[in-house]
Number of protein chains: 2
Amino acid sequence: MYPWVYYAPKKNFGVFFVADYSDTFFMSRALDLARKGRGKTLPNPLVGAVIVKNGQSVGEGYHRGPGKPHAEVEAISNAGNKAWGATLFVNLEPCCHVGRTGPCTETIVKAGIKRVVYAATDPNPQVNGKGARTLRRAGIKVSNGLLSQEATRLNDVYFGIVEKERPFVTLKLAQSLDGKIAAFAGHSKWISCEESRKFVHSLRAEADAVLVGMGTVKTDNPQLTTRLVKGKNPYRIIVSTELSFPKNCKLIDNNKDSKTIIATSERNIKFDLRHSYKRGLTFWCVKSIKSGEIDLSDLLDKAKSFGIHSILIEGGASTATSFLKSKLVDKIIIITAPIIIGAGLDSIGDLGISQISQSISFKDCYRFHSGADEIFIGYPKWKE
Amino acid sequence: MYPWVYYAPKKNFGVFFVADYSDTFFMSRALDLARKGRGKTLPNPLVGAVIVKNGQSVGEGYHRGPGKPHAEVEAISNAGNKAWGATLFVNLEPCCHVGRTGPCTETIVKAGIKRVVYAATDPNPQVNGKGARTLRRAGIKVSNGLLSQEATRLNDVYFGIVEKERPFVTLKLAQSLDGKIAAFAGHSKWISCEESRKFVHSLRAEADAVLVGMGTVKTDNPQLTTRLVKGKNPYRIIVSTELSFPKNCKLIDNNKDSKTIIATSERNIKFDLRHSYKRGLTFWCVKSIKSGEIDLSDLLDKAKSFGIHSILIEGGASTATSFLKSKLVDKIIIITAPIIIGAGLDSIGDLGISQISQSISFKDCYRFHSGADEIFIGYPKWKE
């Protein structure tokens with residue numbers, strides 16, 4: 001995944017490159033290990049650890065989920081005696097508090113680790129620099145910041161839920177070059193390429209829940225499964241003020257796993273509970289705001305109580321617009337296919353922005369190719 | 001510009017890379033030389049040539065403009081006697097006909113060149129494979145296709161004018177992630193970053209003319225100069241059916257170089273010639289189609305007669321839409337800034353596309369970063 005890191009040229013003797021299996025190499029390896037926990041660790045972070053002695057990895061580990069050993073502990077246990085005098089590479093600051101498992105700092109000190117290199121500081125107020133301090137007090141050499149951008153992006157959800165104390169909200173859009181999600185007459189399906197659709201399914205597998213508005217249910221009748229990739233199916237939240245489902249609605253009919261949730265406003269739920277939408281469906285009774293729309297903050301509160309830590313919004317435009325207007329979007333993923341539609345359905349509706357200077361910009365963003373498409377990932381900067 | 005080509009690893013001995021100054025290296029050099037002629041060679045192609053003997057360049061040349069020596073001739077003349085038995089690298093098939101200068105094939109044979117490697121075949125019916133055949137008949141080893149994609153993209157304008165026998169039309173858009181060129185209240189200026197604006201000025205320097213609609217003249221009052229880069233200012237074409245210019249219109253007032261052209265329909269031109277728009281302005285009397293709009297094919301005919309070989313359309317949305325609807329766009333450049341506007345002015349209007357399957361797709365496209373922005377370049381595939 002990071003060939004430029006694996007072969008990071010340290011010195012360039014004429015036309016020869018000398019590869020350098022350095023700190024960067026091992027931190028990159030720790031990040032790769034952390035990725036193995038994707039979709040399984042929430043509300044815990046993704047963490048990978050490598051124990052290095054004499055320039056060689058002698059033990060590796062990653063966090064497999066809540067209640068399971070932390071990455072550092074697993075790596076040290078795999079290294080056994082070799083951990084004595086070794087260096088620990090880990091993508092997140094080691095913890096120093098007792099949670100479901102004991103503090104990692106204690107295990108690190110006991111194992112005789114000489115040096116600890118971590119990428120990102122843990123924003124959890126119980127750690128947040130205290131882990132590093134505990135290690136330094138025990139005489140361990142500690143440094144941080146190596147590949148911190150990668151480490152921060154990798155744990156964006158964890159960092160988000162620690163900071164905001166609500167589920168992390170990702171908005172995904174698939175659009176044409178000119179920002180349309182559909183031609184006027186057509187469906188919004190299949191704008192993006194096969195590779196991008198697989199990418200979307202992997203996003204679903206990582207999220208606790210996907211969310212759509214009733215418009216998308218009616219137009220596209222989506223399944224919202226992870227069928228193109230390995231991974232669990234997420235909860236499926238349908239947000240609507242009116243509960244008139246189309247016939248053969250897949251989210252209702254294919255609900256054997258009882259993961260379909262209908263989030264609707266109080267008045268409607270009373271009305272509809274008397275009716276037949278009972279095939280394993282969960283109903284959330286969500287407050288509405290004055291305009292009759294769903295109160296999205298209340299929706300996120302309900303999701304949090306339900307144990308949902310991350311939500312992927314999959315459309316349509318009006319749902320996306322509502323979340324953006326409420327400033328409740330933490331991450332935006334835009335998949336752009338190389339086509340031009342002209343007039344059609346906008347990917348995003350009116351945000352009340354009348355000047356370019358008021359537009360939504362990003363704290364951090366990056367782009368990569370996905371087959372013929374391009375994927376933009378950004379973390380919006382919300383002005384207060 | 002092509003570090004991965006200059007240091008193309010041929011063999012990988014463990015962790016060591018051995019650089020290979022191969023055919024690819026010299027063809028890449030020929031392309032770089034060709035680029036030096038940018039903005040000066042039309043209607044001729046951009047051509048660069050390198051003479052290589054014993055793995056070393058012994059002569060280089062590029063085409064500097066119509067009537068000046070061809071790249072091959074310049075390179076051979078610079079190589080002198082060393083050309084005997086050498087290899088010629090050139091990005092376009094050598095010509096075999098007499099134009100303003102003699103045929104290159106003759107010079108190549110006379111110089112004793114042993115091998116010719118060219119990237120792209122010249123689509124000009126007077127050459128188109130005949131150049132290669134002439135060389136082969138003289139006993140020269142000829143190969144082609146190396147870096148042909150780069151070579152084709154570099155000479156897109158030349159290839160376009162040879163094929164379509166009309167000026168090459170490039171459409172440039174600067175937009176937000178969600179495909180808006182402006183918020184409702186605002187100007188469309190400064191959506192893109194400084195680096196992208198310089199890129200646009202370099203596009204202007206390469207084009208024979210830039211073209212805008214009257215809407216853009218009124219809203220943005222642009223100068224359409226190349227002030228941020230080195231290079232000549234292009235002709236400035238204003239297309240409009242109505243000739244009511246705003247006060248302090250920069251394209252009218254700053255017309256010291258007499259490069260502002262007003263393309264308008266017959267009736268208006270009669271009307272306005274009686275008025276005061278005479279400060280060095282050129283008027284083109286263009287046919288109109290039944291809806292009263294300008295006939296763009298006729299506009300391109302006028303431009304051709306005027307000696308304009310390439311036109312850069314700089315807006316606004318309705319001008320872009322008209323050209324796209326007429327299928328008269330050969331290249332689309334979309335600069336996307338990492339901002340979201342929501343409702344605003346669409347970059348492209350109604351193209352009469354009602355299904356995704358009818359959308360405009362591309363024969364070839366690529367993307368690259370420009371500061372915080374991303375630039376998409378594509379060659380639309382027009383269905384008949």
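Modeller: Let us begin with confidence: pLDDT is the predictor's confidence in each residue, from 0 to 100. The model before you is predicted. In chain A, the mean is lowest in helix 1 (residues 3–6) of chain A, at 38, and highest in strand 14 (residues 310–313) of chain A, at 98.

Colleague: How do you know which stretch of chain A has a pLDDT below 50?

Modeller: The values fall below 50 over residues 1–20 of chain A. This stretch has 23 contacts in the model beyond near neighbours in sequence. Where pLDDT is low, the predicted coordinates should not be read in detail. For chain A as a whole, the mean pLDDT is 89, and 90% of its residues reach 70 or more. For the complex, the predictor gives an ipTM of 0.87 and a pTM of 0.89.

Colleague: What makes up chain A, and what percentage of its residues is buried?

Modeller: Chain A has 13 helices and 18 strands. A residue is buried if 20 or more other C-beta atoms lie within 10 Å of its own. Of the 384 residues in chain A, 48% are buried. Among contacts in chain A with a separation of 6 or more, 71% are between residues 24 or more positions apart.

Colleague: Why is strand 5 of chain B called largely enclosed?

Modeller: Strand 5 (residues 87–92) of chain B has 6 of its 6 residues buried, so it is largely enclosed by the rest of the structure.

Colleague: How do you know that strand 5 of chain B pairs with strand 3 of chain B, and which way do they run?

Modeller: Two strands pair if at least two bridges are found between them. Strand 3 (residues 48–53) and strand 5 of chain B are joined by 4 bridges and run antiparallel; B:Val50 has B:Phe89 as its bridge partner. Strand 5 of chain B is also joined by 5 bridges to strand 6 (residues 115–120) of chain B, and these two run parallel. Here B:Leu88 stands opposite B:Val116.

Colleague: What makes a right-handed β-α-β unit in chain B?

Modeller: The unit consists of strand 5, helix 4 (residues 104–110) and strand 6 of chain B. With the strands pointing away from the viewer, the path from the first strand over the helix to the second runs clockwise, and the crossover is therefore called right-handed.

Colleague: Why are the buried residues of helix 12 of chain B said to be on the same side?

Modeller: The buried residues of helix 12 (residues 296–305) of chain B are B:Leu296, B:Leu299, B:Leu300 and B:Ala303. They cover an arc of only 95° around the axis, which puts them on the same side of helix 12 of chain B. An α-helix has 3.6 residues a turn, so residues three or four places apart point the same way. The elements covering the buried residues of helix 12 of chain B include strand 10 (209–213) and helix 13 (317–325) of chain B. Just after helix 12 of chain B, B:Gly307 takes a positive phi of about 95°.

Colleague: What makes up the contact between the two chains?

Modeller: Chain B gives 42 residues and chain A gives 41 residues. On the side of chain B that touches chain A, strand 17 of chain B gives the most, with 4 residues. By class, this side of chain B has 25 nonpolar, 12 polar and 5 charged residues.

Key. Residues are numbered from 1 along each chain as its sequence is written. Chains are lettered from A and ligands numbered from 1 in the order in which they are written. This is a predicted model: local features need pLDDT of at least 70, side-chain atom pairs count only at pLDDT 80 or more; totals for chains, interfaces and linings use all residues. Two residues are in contact if their C-beta atoms, placed from the backbone, lie within 7 Å. Ala, Val, Leu, Ile, Met, Phe, Trp, Tyr, Cys and Pro count as nonpolar, Asp, Glu, Lys and Arg as charged, and the others, Gly among them, as polar. A residue is buried if 20 or more other C-beta atoms lie within 10 Å of its own, exposed if 12 or fewer, and partly exposed in between; C-beta atoms are placed from the backbone. The arc is that of the directions from the helix axis to the C-beta atoms.
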